[in-house]
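User: Please walk me through this model, with the cut-offs behind each term as they come up.

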Amino acid sequence: MIEKMKLLHITGPRNDIDRVVRLYLDKYDIHFENAMTSLNNLKNVRPFVETNLYKEAAQMGEELKQYLEVSRKTDLEVTPEQAQGIILDVHGQMGDVVKQQGEVQEELRQLKEWMAETAPFIGLDFELCKLRDFHFIDYQFGRIKVENYHKLEQYVFHNPYTLFYECNNDTEYVWGVYFAPHTHLVEIEAVYASFHFEEIQVPDDLEGTPRQAFEQAKELLGSLEQKLERLQMQAVELVKAREAEILAACECLNSYCSNFEIRKFAACTNAREEGVEHYILYGWMAKKDAKKLQREIAMDENVNCVEEEPGEGLSSKPPTKLKNPRILKPFEMFVEMYGLPAYHEMDPTLFIALTYTFMFGVMFGDVGQGACLALGGFLLYKMKKMRLAGIVAVAGVWSVIFGFLYGSLFGFEEAIPALWMKPMDNIMTTLMLAIGFGAALILVAMVLNMVNAVRAKEYGRLLFNQSGLAGLACYGFVVFCALLFATGHGLPATIVIGIAVGVPLVAILMKEPLSHLIERKGHIFPEGSKVMFFVEALVEGFDVVLSYATNTISFVRVGAFALSHAGMMGVVMTLAGLEKGNPNWIVIILGNILVACLEGLVVGIQVLRLEYYEMFSRFYTGNGKPFVSFKKRNQ
């Protein structure tokens, strides 16, 4: 079902908008429309433009809340001005602590960077300050990949002018320092560069051996972390001392900032002599909620609310809000994938829920595998709220039902008696029943299209569309004749068949001029050559006849997949050696899992294809506008 809507015109003094939103509108789901879109032709109306004075305080409040372990609810109520004062006061008291925290964090960052630069060289057991005193020997710290290091070793072994001292290593790199006399430095540098030696600058303030300096840095790191922890505890104690006030202030400011966005949808009148400006809000609300809101604001002199029924005269079309029982909620996903129904259109959720799961069961009839799908889907839907899992659960129930009708249990065709028939024993019957079922669904889709045409007041579509009354008469008579032939009865006279099929078909071909005629439009035939119109009509007529045939035959896949399931499980049982009397249960179990997953996926996709292309395309447009609640948008 589609929720009945009311368009509300809400007005009041400009400076009262926050009170109205907080006191009334926050309780309901309302879909706001931009008021300026409807009122842009009025000279005394302008957009509601205002600066959010509390945005910065709200951000500060969120920073303060991070010092609290759990955000609790509080009964304390404050005004936005009081809330801003509380947050600024506490934030000011926190200023010195926060500043010290920043300084300590910066020291920690620099110290960690220094330790990261030094760590690879802690294997060098030599005081670096003495290296800096060398006058004739140069040195360079760096790293080299392991595979290149082995080649470098050979070079160093045969070159008397360089020495490489390994400090540390892992599976990828070797860290170290090489020495070379100043007179041969350029040559040695070039050789090391050819081996992809990556130079690393060791901190200039490093004294003693790298290991000694690194240990001293670790001690300093621990003391800085302890200092930061003490500052954190100090900040927490300061915030906790005013926890209730801070939480109340944050709640107030967040609510204000959230509601402040409503100004984007509002318009504002220019002040007249009395100097009072008024806001104007347009919004769609469920009919039952609109009645409650009207009762609440009836005694409020500062709020004026006018209701308006959805109609053709409105500048904005009503949004669509689906309202279905819980068992149908998962199937709304398929409707949304195709497109939401327009406000005056039928909600196809019930239709797709019944036909999708029924056809899935027909095509995937197995008691055991269906029960697994139903149980798994139900558990996933309960735990993860996955709508697709809810659909699988209902489809699994139909699979169990048809499993009993087919007499199939995990592929064992003789384990339980068939309450109806076994598809593999009645192949032609299965396929013909599938086609007949498809024809019945197409007829139902045509009836639904006629209902939607009446709702939309599109009488040309109602009478002359290929899925309208003419299409129903033409296709329905052909189906009736096919049913007579299949049951062995005689067909009507040829002239009767010609009239019953030909007249509606001609009406379909002439739907455009006939529609213009009954809708009393200025011109009956479309502009352009009439010869071309009739040529196009003949081509379209051929397409209509062909689509009737292909759409009907397309449903043969319903029976084909019922046969396919039985055939695939027959292969599994043959591979498992069931006929020999000593089956391989591992093959049976793995085969059931493979068939359930593979065929379940394929059947699910094929059924959805039948829904969209063979049925939805006949009666459903799916061009509705979604209902977007302002309250939920800001959650």
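User: How many Å does helix H5 reach from its first C-alpha to its last?

Analyst: This is a predicted model, in which local features need pLDDT of at least 70 and side-chain atom pairs count only at pLDDT 80 or more, whereas totals for chains, interfaces and linings use all residues. Residues are numbered from 1 along each chain as its sequence is written, and side-chain values use heavy atoms, with hydrogens and water left out. Helices (H or I, at least four residues) and strands (E, at least two) are DSSP runs numbered from the N terminus. Helix H5, residues 95-118, has 24 residues, and 34 Å is expected at 1.5 Å a residue, the expected span being 1.5 Å times one less than the number of residues; close to that value, H5 reaches 35 Å.

User: Which helix is included in what covers the buried residues of H5?

Analyst: Buried means under 20% relative accessible area, exposed over 50% and partly exposed in between, with a 1.4 Å probe and protein chains only. In H5 the buried residues are Val97, Gln101, Val104, Leu108, Leu111, Trp114, Met115 and Thr118. An α-helix has 3.6 residues a turn, so residues three or four places apart point the same way. What covers the buried residues of H5 includes residues 210-240, helix H9.

User: Which strands are at the edges of the open sheet?

Analyst: Four strands form this sheet in the order S5-S6-S4-S7, with antiparallel pairing, where two strands pair if DSSP finds at least two bridges between them. The edge strands each pair on one side only, and they are S5 (163-169) and S7 (198-199).

User: At about what angle to S4 does helix H7 run?

Analyst: Axes are lines fitted to C-alpha atoms, for helices over the stretch in contact, and angles run from 0 to 180 degrees between N-to-C directions; contact means heavy atoms within 4.5 Å. Helix H7 (residues 146-158) lies across S4 (137-145), S5 and S6, and its angle to S4 is about 145°.

User: Is Gln369 buried or exposed?

Analyst: Gln369 lies in helix H14, residues 367-384. Leaving aside neighbours within four places in sequence, Gln369 is in contact with Phe364, Phe410, His565, Met569, Asn592, Val595 and Ala596. With a relative accessible area of 2%, Gln369 is buried.
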